[in-house]
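Notebook open, model loaded. I want to jot down what I looked up, one item at a time.

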Amino acid sequence: MRPLPDQPLAEKTLKVWKIVTSLSSLVNLLFPLAYWGVMQIFNLPAWPLYLIIALVVIGSLLNVFLIQKLQWNRWRYKIYANEIELMHGVFVVRRVIIPMIRVQHVDTKQGPILRHYNLATVTVSTAATTHEIPGLTMENAEKLRDHIAQLAREADPDE
Amino acid sequence: MNEWKRQHPAAIFISFLNNLKQMIITLIAVFIFGQSSQAASPVFYSILFSGILLFSISQGFISWWKFYYHLKEDELLIKQGLIFRKNRYIRKDRIQSIDINAKLVQRLFGLVEVRIETAGGGSEPEFRIIALKREEAEEIKRQLLTKYEKKSPLSLEQIESETFIEENPFWFLQRDEKDLSHEREEKAETNASIDEDETPEFKWELGSRRLLIAALTSSGVGIAATFIAAVVSQAPQFLPEWLIDHVIGWFIHSSILLIGGTLVSILFAAWLFTLVGTILKYGFFTLKKRKDDIHISRGVLEQRQLTLNATRITAVRIVQSPIRQLFDYVSIYVESAGGGTKEEDLSTILTPLCKRNEVEGIVAEIIPEFAFTPQYEGLPKESLRRYMIKLIVPSLLVAGVVTYFVPYGWISVFLPVIAALLGYVQYRSAGITQYNDFLCIRSRAIAKSEVYLPRRRIQDMESSQNILQKFDDLYTIHVAVLTTMVGKTFSLRHISKQQMKQNELWYSYEATKAFQEEKTSNGDEEA
């Protein structure tokens with residue numbers, strides 16, 4: 001069997017993910033809010049409200065502190081001379097093989113939070129699909145991008 | 001040929017009809033599916049309709065009045081728009097294909113529509129001039145596809161593995177100018193040497209007997225049935241109240257047989273619709289091959305012509321619905337970079353109906369490299385229950401709810417049984433194999449479908465494993481190829497670890513080199 005890819009993401013990426021998921025978890029507060037709103041109009045029991053709040057809080061905590069950690073632990077990539085391999089996913093483990101000769105372009109990109117932590121995402125595009133390596137240190141990401149670009153350019157089209 | 005021209009005035013009428021059609025479809029959709037319990041006054045409706053009518057006519061007129069085209073030596077110029085003016089320069093060397101279609105409205109006036117597909121595309125890869133005399137259309141086609149010396153062609157490989165100019169932000173421009181022009185020129189050259197009279201290297205016709213069989217066995221009944229049911233369910237609004245009361249009363253008192261009868265007649269009507277639809281769509285179906293170009297023409301009322309370059313084909317699909325399976329008939333689709341149509345899921349139908357054992361022969365003439373008949377390797381027995389459970393669980397839920405709430409709902413206990421059967425058949429159909437440089441996947445949703453994917457067209461390969469699959473070490477395989485405008489991913493669920501490994505080894509460009517040693521050294525351990 002092929003060896004598993006072994007390159008992890010930058011450690012600070014986990015921190016960024018925790019921040020991002022915390023922020024997006026706030027959206028879940030809309031559920032209890034909606035129920036509360038309905039309660040004002042109709043005569044509904046109050047206990048589901050507490051249940052929903054409990055579920056949202058527990059779910060968000062699990063997501064932020066456990067799932068993100070697992071996600072980060074699972075994320076691995078590896079650049080070979082002729083292909084890129086990615087592995088990620090907590091509940092569904094995905095492994096992707098992208099041959100170098102199919103790579104059309106590589107980019108680095110960063111949002112405000114990634115930028116604050118001096119991180120960047122590398123995107124690899126083929127004619128049909130786009131893949132991301134989220135969260136490498138700026139320096140690493142640029143090196144990786146140039147490396148992939150170099151390999152993609154050199155890839156033997158007859159292969 | 002040297003001045004700006006308008007289209008034939010019939011364009012006004014044609015675009016008026018098109019506009020009207022679109023609006024009426026929207027209206028009907030709103031009408032059927034929307035809440036129309038509070039019926040608006042007739043005055044409101046007549047104002048609305050006359051407004052729409054007026055709008056469509058004036059829009060049709062403007063789009064004719066303010067539309068000019070100018071055919072030059074090596075480009076087609078187009079000016080259009082009243083408020084938002086748009087100038088388009090369609091360069092000869094960027095043209096992917098030119099199709100001349102005659103739809104029903106155009107045929108009324110003896111006109112044709114020219115559809116130009118440009119390479120790369122961007123937001124508007126397609127361009128139409130809707131009303132032209134046939135001679136003019138032919139002239140445009142001839143002009144835009146001729147007069148080039150032969151240069152090195154740009155194959156699909158080159159588009160897919162596009163020259164990597166990462167430092168230059170304008171790499172795509174360079175690509176346009178250099179490479180695509182070569183390609184177009186080459187294609188133009190091939191096209192130019194073709195006269196319409198020249199006999200093709202290969203010709204295949206559907207024939208009336210097969211057309212009839214295709215129509216009789218066509219699927220799509222479900223969609224038509226839903227539509228008819230929707231229309232019927234809306235009918236009560238237009239009927240007088242006493243009639244409705246009468247009918248409802250009758251329904252309540254009548255037996256399940258009557259309800260069944262209504263269902264059957266809806267299905268029958270739907271079947272008639274699809275029957276006629278298929279005949280009109282695939283009548284006079286002809287497939288021709290000249291050099292690298294595949295020409296497909298079809299249609300009774302709306303005549304369509306498609307031109308497809310054989311070197312751009314990225315995958316072949318062979319589809320067999322259950323009814324057709326009884327008679328061993330299949331249809332062949334091809335996926336290609338450019339040229340697919342929306343109504344066929346961005347694919348192109350190569351053969352609407354033929355026997356399974358004829359496929360290899362037809363494909364051999366059109367795209368020889370895809371001509372083979374693979375032997376599929378089935379899935380491990382652990383997959384069987386997954387295919388069955390996946391369908392049984394939701395159908396059990398539905399059956400439970402229906403039994404509880406609907407009179408005679410217990411009949412729905414057949415649902416899980418049917419689901420289990422379907423799951424079993426899906427499992428039996430599923431298979432995967434490699435045939436030289438091709439990956440072949442056979443699977444079934446309801447119709448059985450086989451897909452042949454050449455290794456050099458596969459953009460990436462993915463394996464996924466969910467928590468449940470982990471118990472038996474099963475995987476789902478996904479492979480992506482380029483098709484018209486978007487990438488398409490083909491998947492097969494629940495293949496064994498051994499099969500996944502084999503496919504990775506087959507696909508991996510690294511495995512063919514570096515892992516070979518490891519493979520041999522680990523050979524004993526693996527076995």
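Contacts in chain A: of those with a separation of 6 or more, 52% are between residues 24 or more positions apart; contact means heavy atoms within 4.5 Å. I note that this is a predicted model, where local features need pLDDT of at least 70 and side-chain atom pairs count only at pLDDT 80 or more, while totals for chains, interfaces and linings use all residues. Residues are numbered from 1 along each chain as written, chains are lettered from A and ligands numbered from 1 in the order written, and side-chain values use heavy atoms, leaving out hydrogens and water.

Next I checked the overall form of chain A. The C-alpha trace of chain A spans about 70 × 35 × 25 Å along its principal axes.

Then I looked at secondary structure. I count five helices and six strands in chain A, taken as DSSP runs (H or I, at least four residues; E, at least two) numbered from the N terminus. The order along the sequence is α-α-α-β-β-β-β-α-β-β-α.

I find residues 16-35 of chain A 80% helix, with end C-alpha atoms 31 Å apart. Residues 47-67 of chain A are 100% helix, and there the end C-alpha atoms are 28 Å apart.
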